[in-house]
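Please walk me through this model, one region at a time.

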Amino acid sequence: MLLDSFLIRAALAGLGVALAAGPLGCFVVWRRMAYFSDATAHASILGVALAVAVDAPVFGGALVVALLMALAVSTLADRGTASDTILGVTAHAALALGLVTASLLPNVRIDLMGYLFGDILSVTKADLALVWIGALVVAGLLTWRWSALLTATLGADLSRAAGIDPKREQLFLTIALAVVVACGIKVVGALLIGALLLIPAATARPFCRTPERMAGLAALIGMVCAALGVVGSLYVDTPVGPSIVSIAFGFFVLSRLWSPRLR
Amino acid sequence: MPGDPRVTLPLIRTENLDVRQGGRLVLHGIDLSIRAGEIVTLVGPNGSGKSTLLRAMIGAVAPSAGRVVRAPDLRIGYVPQTLSTDPHLPMTVRRFLGLPHAITDTQAQAALHRAGLPHAGRQQLADLSGGQRQRILLARALLHDPHLLILDEPTQGLDQPGSAAFYRQIAAIRAETGCAVLMVSHELHVVMAASDRVICLNGHVCCEGHPEHVASAPEYRALFGTGTGGALALYRHEHGHDHHHDHSHTDDEHA
């Protein structure tokens with residue numbers, strides 16, 4: 001059957017993550033949450049280590065710890081203390097703590113490279129199912145909350161005056177981010193999931209006059225990069241995750257050279 | 001319209017309102033009311049709770065004591081201090097007006113016209129100047145024919161002709177629609193000319209009344225010091241030459 005090919009599974013996993021990361025990445029760009037998403041992604045390594053330690057599913061561990069990190073950082077932001085510095089500190093600390101925890105585990109060797117940079121060619125059918133469920137949950141969440149999320153992005157007071165609680169919308173984004181991180185860890189890895197969020201969105205920007213178009217185009221660009229990355233890395237024998245991100249960066253540079261309007 | 005001007009029932013009033021933020025008592029014992037059709041301006045030093053009071057009145061901040069009483073079915077149009085528009089967010093003015101709830105082109109056009117930017121619908125938010133952005137926020141607040149327009153430092157970042165033009169637009173909207181206006185401002189002399197009533201706030205209501213009365217009140221002078229005399233003088237000056245100034249600036253605005 002089709003899914004018996006590791007290459008097909010890898011490509012489908014990449015497409016799934018890119019589909020969710022594109023539109024979510026737009027919000028990361030619009031709301032200047034790049035550091036926030038890095039902190040969340042890095043925390044997932046700690047989640048992986050803890051999950052392995054207690055013999056729990058890695059996906060679940062990554063999801064839970066990423067979510068806790070995102071909620072913690074989001075709470076700091078509400079109190080107005082989440083400066084660039086604090087976010088940077090938490091992002092790097094979470095990564096370091098995760099790596100230390102992983103090394104302390106007795107009798108287990110975790111393929112850290114795989115979790116840091118992705119190991120898309122080893123995606124199983126179960127992984128694939130999780131990735132697509134996650135991607136569809138995120139896509140559904142963003143579609144459902146779309147207008148409210150956009151309104152909240154334009155300003156907290158403006159949003160409250162329109163009867164939309166900006167903290168509630170932030171919570172939806174936080175959950176979506178944790179899901180994308182947990183899905184993406186196998187595909188591009190914890191260190192590069194931030195790139196899959198940011199680069200397609202930033203690449204799409206100059207070609208769009210509406211937020212919907214930017215979200216759609218970001219998803220499309222991400223999916224093209226994922227497909228090209230999976231197939232291309234096979235020919236030139238490069239790691240898949242970094243290849244996907246490199247291709248995305250190539251598109252980004254092209255978009256800035258050809259863009260109809262430079263910003 | 002709630003509150004027939006002839007009986008002048010308040011559109012909105014606060015009763016002994018206290019607001020705490022982070023353990024600090026920001027507002028204490030605020031009693032004020034806004035009646036149909038009047039333009040009321042809140043003045044006060046930084047940190048005196050002006051924005052917090054507006055937020056409490058639109059329900060974005062919960063009072064820790066006292067209450068806010070609104071006339072039944074009161075429609076409030078709120079113009080926030082700022083609009084965060086990251087240049088990465090593509091959004092036309094027309095689309096912005098339809099968030100979060102879709103509106104008709106006729107509604108959008110009417111609001112833009114009233115706010116003084118009839119041709120801005122297809123422009124990108126990120127391309128607008130500070131003054132245009134304020135007018136778009138004003139258009140947004142006008143969409144649902146508010147009885148009360150609440151503006152939080154609407155002319156922040158505008159130069160003097162720009163803010164004078166903005167206040168004239170507010171006065172014109174009030175004249176046209178009869179809506180009441182409650183706004184926060186730092187520009188004392190412009191406020192003096194544009195308001196029916198001024199409320200001086202510093203955690204509590206220091207004094208309130210006709211602009212000229214407030215400007216000469218000892219509480220107000222204690223807060224604003226020596227600048228007060230100048231503000232009053234400017235007010236009188238502008239008042240005397242009102243028609244001339246009004247005309248030339250309006251022409252500039254539409255040029």
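Pro100(B) sits in the loop between α2 and α3 of chain B. The peptide bond that joins Leu99(B) to Pro100(B) is cis, with omega near -5°. Helices here are DSSP runs of H or I with at least four residues, strands are runs of E with at least two, and both are numbered from the N terminus. This is a predicted model, in which local features need pLDDT of at least 70, side-chain atom pairs count only at pLDDT 80 or more, and totals for chains, interfaces and linings use all residues. Residues are numbered from 1 along each chain as its sequence is written, while chains are lettered from A and ligands numbered from 1 in the order in which they are written.

Next comes α3(B), residues 105–114. Its buried residues are Ala108(B), Ala111(B), Leu112(B) and Arg114(B). They span an arc of only 165° around the axis, so they lie on the same side of α3(B). The arc is taken from the directions that run from the helix axis to the C-beta atoms. An α-helix has 3.6 residues a turn, so residues three or four places apart point the same way. Buried means 20 or more other C-beta atoms within 10 Å of the residue's own, exposed means 12 or fewer, and partly exposed is in between, with C-beta atoms placed from the backbone.

What do the buried residues of α3(B) pack against? They meet α2 (93–97), α4 (130–142) and α5 (160–177) of chain B. Contact means that the C-beta atoms of two residues, placed from the backbone, lie within 7 Å. The face turned away from the buried side carries Asp105(B) and Thr106(B), both exposed. Just after the helix, Gly116(B) takes a positive phi of about 90°.

Now take chain B as a whole. It has ten helices and nine strands. Of its 255 residues, 45% count as buried. Look at contacts in chain B between residues at least 6 apart in sequence: 70% of these join residues at least 24 apart.

Two aspartates deserve a look at their backbone. Asp145(B) is not a glycine, yet its phi is positive, about 45°. It is found in the loop between α4 and β6 (148–152) of chain B. Asp145(B) counts as partly exposed because it has 14 C-beta neighbours inside 10 Å. In chain A, Asp55(A) has a positive phi near 60°. Its loop runs between α2 (34–53) and α3 (58–78) of chain A. Asp55(A) counts as exposed, because it has 7 C-beta neighbours inside 10 Å.

Stay in chain A for a helix pair. The axes of α1(A) and α6(A) come within 9 Å and cross at roughly 20°. Axes are lines fitted to C-alpha atoms, for helices over the stretch in contact, and angles run from 0 to 180 degrees between N-to-C directions. The two helices are therefore roughly parallel to each other, a label for angles under 35 degrees. The residues of their contact divide into 17 nonpolar, three polar and three charged. Nonpolar covers Ala, Val, Leu, Ile, Met, Phe, Trp, Tyr, Cys and Pro; charged covers Asp, Glu, Lys and Arg; the others, Gly among them, are polar.

Finally, the two chains meet. The contact takes 23 residues from chain A and 18 residues from chain B. On the side of chain A that touches chain B, α6(A) gives the most, with five residues. That side divides into twelve nonpolar, five polar and six charged residues.

Terms used
Parallel < 35°, antiparallel > 145°, perpendicular 65-115°, else oblique.
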